Amino acid sequence: MSGRRCMAVDIIGLGKLLRLFYMTPRQLTTALRSDIRIDIARSAGTQASGGDFYSPFWSDAKNHVAGLSNLHVETEGRIARNPRRQRLYPLLEQGFLQWWNENRRWTNQEFEFLPNSVKGRYQVSELDAVVKVANILGLRIDDGTNRIFYPYFSEDPRLHDEGARIGLWLLNSTLSNCMLDDLRILDIFRAHSFSILEHPLRGNEEELFISKYQDILDRWAALREEYS
């Protein structure tokens, strides 16, 4: 980063950024104010460590695919330990299992997990920012191809064509060892995956990305002034 103060949205996960891109103005203001308060608490050393709300579910989902556990059983256990999960976790479970079971019926192919973790960081030099890509479900199909699934966790806003294209473009720009044809974004709540087969890139994805991200950074900075 340059000499300017680092903002909480300067280093951000791709999924969170895509959600911010397509929020309504009111949703965006609420989300950024929450982010600012977390940033202030972190700077003061007073933030409690609660972890990512969705990470435990995604870990259980990947273990289900690997045959190491049962997602329904694990979801019930997660809810019992934290009642805050009792509305969204069952919806995530339903969406993931619907997608996974239908996907397995469609392909009817054997698979294995990719041996190495697939992740990366995209340096946005124009904005002095970084977008993180991690927590990917990577599979190697027995026909020799790979499937790289990046999870999108958002009940609202949902992921539409433009956001999917921006996400696929960024994944392709970040994961240099992966083929564009192998990349997918999985909207878990809707049990739907996006690929360039159904959502081909149009060539304007980088321009859209920079413009939308700049708007987020500008809005964050303006709101942050209210807390000075």
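**View 1. N135, a partly exposed residue in a loop.** At 45% relative accessibility, N135 counts as partly exposed, a term for values between buried, under 20% relative accessible area, and exposed, over 50% (1.4 Å probe, protein chains only). N135 lies in the loop between β4 (129-133) and β5 (137-141), and has a positive phi of about 60° although it is not a glycine. Helices (H or I, at least four residues) and strands (E, at least two) are DSSP runs, numbered from the N terminus. This is a predicted model, in which local features need pLDDT of at least 70 and side-chain atom pairs count only at pLDDT 80 or more, while totals for chains, interfaces and linings use all residues. Residues are numbered from 1 along each chain as its sequence is written, and side-chain values use heavy atoms, with hydrogens and water left out.

**View 2. A191, a buried residue with positive phi.** A191 is found in the loop between β7 (183-187) and β8 (192-194), where its phi is near 55°, a positive value in a residue other than glycine. With 13% relative accessibility, A191 counts as buried.

View 3. The peptide bond from D156 to P157 is cis, with omega near 10°, and P157 is placed in the loop between β6 (146-152) and α6 (161-174).

**View 4. The open sheet of five strands.** This sheet has mixed pairing and the order β2-β5-β6-β7-β8, two strands being paired if DSSP finds at least two bridges between them. Its edge strands, β2 (111-113) and β8, each pair on one side only. β6 and β7 run parallel and are joined by five bridges, and P151 has L186 in β7 as its bridge partner.
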